Structure formats: C-alpha cells, structure tokens
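Please open the model in your viewer and keep the selection panel at hand. The stops below follow one another as selections.

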Amino acid sequence: MYERGQRTPKLKIILVLAEFFSVDVNYFVIGFTVSHEQIENSYIATEVFKRASGICELCNTMAPFIRSNGQPYLETYILKDHSISTEHVAAVCPNCLKKLEVLQLPGDIIYLKNKICKN
C-alpha cells in the first residue's frame with residue numbers, strides 16, 4: 001500500500017526502511033504530506049505554522065478549523081525534490097493539500113516555492 005500511494009508510513013517505519021535500504025530518509029518522504037507529529041524535527045513544523053499565521057500558504061484563506069489546542073488547522077506539505085526544512089515545507093489547508101497531492105499543478109508548486117523563499 002505504501003508503494004501504491006494508498007497509505008503513508010509513520011516516521012518510525014520510514015526511519016527503519018531508510019536504514020534497511022541504506023538511503024536518506026528524504027528518499028521516502030519527499031512529496032508526501034506529513035503531520036506535525038511525523039516531521040522528524042518538530043521545530044520545522046512549529047516554524048512553518050508560525051510563518052503561516054493560520055493562513056493557507058497556497059490559497060491565502062484562513063484555516064477552516066481550529067484544533068483542540070486552539071491552533072488553526074493547517075497541514076504540512078513537503079515540496080518535491082527537497083529536503084525537510086522550513087524553506088521546503090508549506091502549511092496548507094486540507095483542500096489545498098488534496099489539490100497538491102492529486103493534481104500536482106506546476107503553477108501551484110512554483111507559487112509555493114516563491115512565497116516561501118520571500119519569507
């Protein structure tokens with residue numbers, strides 16, 4: 001199911017697979033969406049959510065929900081062909097996340113890269 005894209009492995013599984021196959025962790029996670037808890041360094045997610053300030057970095061609208069801890073509900077998206085760092089992770093709403101995953105429109109990716117680089 002991992003290979004077919006029907007399921008995303010948890011970070012712990014990714015680390016085991018990366019070690020077994022002797023590859024960098026980024027080999028498995030580039031282009032996947034990962035939750036705040038799954039990002040290897042939670043500092044990255046914290047900084048990305050802080051940068052977004054509750055606003056989707058793709059559609060520029062407020063987060064549609066509020067988490068139980070009072071924080072806006074945005075998800076992280078790792079830009080393809082990049083490592084996991086604040087310069088290569090975007091905070092997006094659930095609708096934009098699906099749009100990025102399914103359509104993979106080059107214009108959206110370029111827009112996110114440019115927007116993140118300016119911040």
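Select tyrosine 73 together with Ala63, Pro64, Phe65, Ile66, Arg67 and Pro94: these residues are in contact with tyrosine 73 when its neighbours within four places in sequence are left aside (contact means heavy atoms within 4.5 Å). The model is a predicted one, in which local features need pLDDT of at least 70 and side-chain atom pairs count only at pLDDT 80 or more, whereas totals for chains, interfaces and linings use all residues. Residues are numbered from 1 along each chain as its sequence is written, and side-chain values use heavy atoms, with hydrogens and water left out.

Tyrosine 73 itself sits in the loop between α3 (42-52) and β2 (75-78); helices (H or I, at least four residues) and strands (E, at least two) are DSSP runs, numbered from the N terminus. Its relative accessibility is 25%, so tyrosine 73 counts as partly exposed (buried is under 20% relative accessible area, exposed over 50%, partly exposed in between, with a 1.4 Å probe and protein chains only).

Next, select helix α4, residues 94-102, whose buried residues are Cys96, Leu97 and Leu100. These residues cover an arc of only 105 degrees around the axis, which puts them on the same side of α4; the arc is that of the directions from the helix axis to the C-beta atoms. Exposed Asn95, Lys98 and Val102 lie on the other side of α4. Just after the helix, glutamine 104 has a positive phi of about 50 degrees.

Proceed to α5, where the buried residues are Asp108, Ile109, Leu112 and Ile116. Viewed down the axis of α5, they fall within an arc of 100 degrees and so line one face of the helix. Pro106, Cys117 and Lys118 are exposed on the face turned away from the buried side.

Finally, select the cysteines. How many disulfides does a search of the whole structure find? The search finds 0 disulfides, a disulfide being a pair of cysteine sulfur atoms within 2.5 Å. For cysteine 96, the closest cysteine sulfur is in cysteine 93, at 3.6 Å, too far for a bond. Cysteine 59 is partly exposed, at 33% relative accessible area.
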